[in-house]
Structure formats: structure tokens, C-alpha cells
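Hi,

Here is the structure I promised to pass on. Have a look first, and my notes follow below.

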Amino acid sequence: MIWKNHLTYSVKGSSFRMDIEAEEQMSIIFTDENMLMLMPSQKMYMDYPKSMLDMMMQQQGEESSEEFDAEDLEKYKTGKTKTILGYECEQWLYEDENGTSEIWATDELGHFLFAENPMQQGGGSMMNMFNETEFFPLVVVVKTSDGQTEVELTAREVKKQEIADSRFSAPEGYQKITMPGMN
């Protein structure tokens, strides 16, 4: 199944925000201190402190069968280039028994953080290699071993603009909710 929804990705300093327009709108905000999950239709949010995220990521890393680091990135570069939305992009391609990951990224837009779900089980991902680089992906295609498209992200527009600091915190009037055992 291909997920076809609109995603707006905003960056300011080391913080980023993803606004996902789907059946149920949601926003995910990553800052140096925490990750916030906003649920606008319910005017609620969940706050995951950085310490909890670090612990979850460490546990996930211990369970991972394969980890990547930024130094591995070079061996997956194909040498192919193309212009996407006016930006010169390079192609990276990773293949294993699970399928293929293809990324077209530019070094003209700064740093991009792939949001790794700390709740998700499983191994490392080529996309995580980009978290340590100054590349910004404009096209990402992940296919299963049988050739089915699992993830396809394609940038439709790039706008440079000022973003208010308030976009990286829970809006006024939103109720904080917690899960049992989570502080």
C-alpha cells in the first residue's frame, strides 16, 4: 500500500516540524529537548522528552541487525545527477534482501533529519545515514524485495522563508496527554 498524503517539512536551526495532512491531521516536532506529537482535531499533544527518545533509540539500536553511519554513504552513491526543483541532486541506491532504497538529494538546502520512529522495531536504514550529512533529499523511493513501492516521498515545492519560533512548540490551548508509564 502506498501512503499518498501531503507533508510539509519545516526547519529552523536544529529543530524541524512535519505537518502531515491525511485522514487525521498530525504534526510532529523535533527540538533539542523533545519530540512533540500534535493532534489538531483534538487540540491535544504528547511530549516525549529527549532522554526518553535517546533511551528508546538506544534500545532499538541494540536490536538492529544492521547499522549505517555517514561514512557508509559514499559507497552507495551512483554518480548519477539530475536537477529537481532547480537543485542539483545526486543519486544513492542501496539494495539488500529486503528491497531497495533510492534517494536523490542536494547539498544546496542544508541539513535534513529523517524522523526515525523510536517505537518501530527493526534494523537501521540507509535514510538514517543522511542524518549526519548536509544533504537534503528531494526524492525517496523504498521498494520491497518483490518490487512493490513501500515508501515514495517526492518534494513538490521548496520555499525559503522566516518561520516563527512558536511553530516548534505546542499551541496555546492544547491539552497535554500522557501514556501510562511515560513522564
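Let me start at a turn: strand 1 and strand 2 form a hairpin with two residues between the strands, and Gly13 in it takes a positive phi near 60°. Before going further, the ground rules: this is a predicted model, where local features need pLDDT of at least 70, side-chain atom pairs count only at pLDDT 80 or more, and totals for chains, interfaces and linings use all residues. Residues are numbered from 1 along each chain as its sequence is written, and side-chain values use heavy atoms, with hydrogens and water left out.

**The sheet**

Strands here are DSSP runs of E, at least two residues long, and helices are runs of H or I, at least four, all numbered from the N terminus. Two strands count as paired if DSSP finds at least two bridges between them. On that basis, six strands make an open sheet with mixed pairing, in the order 1-2-3-4-5-11. Its edges are strand 1 (6-12) and strand 11 (175-176), each pairing on one side only.

Going across, seven bridges pair strand 1 with strand 2 in the antiparallel sense, and Lys12 stands opposite Ser15 in strand 2. Strand 2 then runs antiparallel to strand 3, with five bridges, and a hairpin of four residues joins the two. Met18 faces Ile28 of strand 3 as its opposite number. Strand 3 (residues 26-30) is joined to strand 4 (residues 34-39) by four bridges, again antiparallel, with Phe30 opposite Met35.

How much of strand 2 (residues 15-21) is buried? Six of its seven residues are, so the strand is largely enclosed by the rest of the structure. Buried means under 20% relative accessible area, exposed over 50%, and partly exposed in between (1.4 Å probe, protein chains only).

**Another hairpin**

Strand 6 (residues 77-84) and strand 7 (residues 87-96) are antiparallel and joined by five bridges. Two residues lie between them in the hairpin, and Leu85 in the turn has a positive phi of about 55°. Thr81 stands opposite Glu90 in strand 7.

**Cores**

A nonpolar core is a set of buried Ala, Val, Leu, Ile, Met, Phe, Trp, Tyr and Cys residues joined through side-chain atoms within 4.5 Å. The largest has 20 residues, and those touching the most other members are Tyr9, Met18, Ile28, Phe30, Met35, Ile84 and Leu138. Its largest share, four residues, comes from strand 9. There is also a second, separate core of nine residues, including Leu73, Tyr76, Trp92 and Val142. Leu73 is buried at 4% relative accessible area and sits in the loop between helix 1 (50-63) and strand 6.

**Aromatic rings**

Rings of Phe, Tyr and Trp (its six-membered ring) pair if their centres lie within 6.5 Å; planes under 30 degrees apart count as stacked, over 60 as edge-to-face and the rest as tilted. That gives five aromatic pairs. Tyr9 and Phe16 are stacked, because their ring centres are 5.2 Å apart and their planes are at 25°. Phe16 also stacks with Phe30, at 4.8 Å centre to centre and 10° between the planes. Phe16 is in strand 2 and Phe30 in strand 3, so this pair ties together parts 14 residues apart in sequence. Phe16 is buried at 3% relative accessibility, and Phe30 is buried at 17%. Tyr9, Phe16, Phe30 and Phe136 form one aromatic cluster.

Cheers
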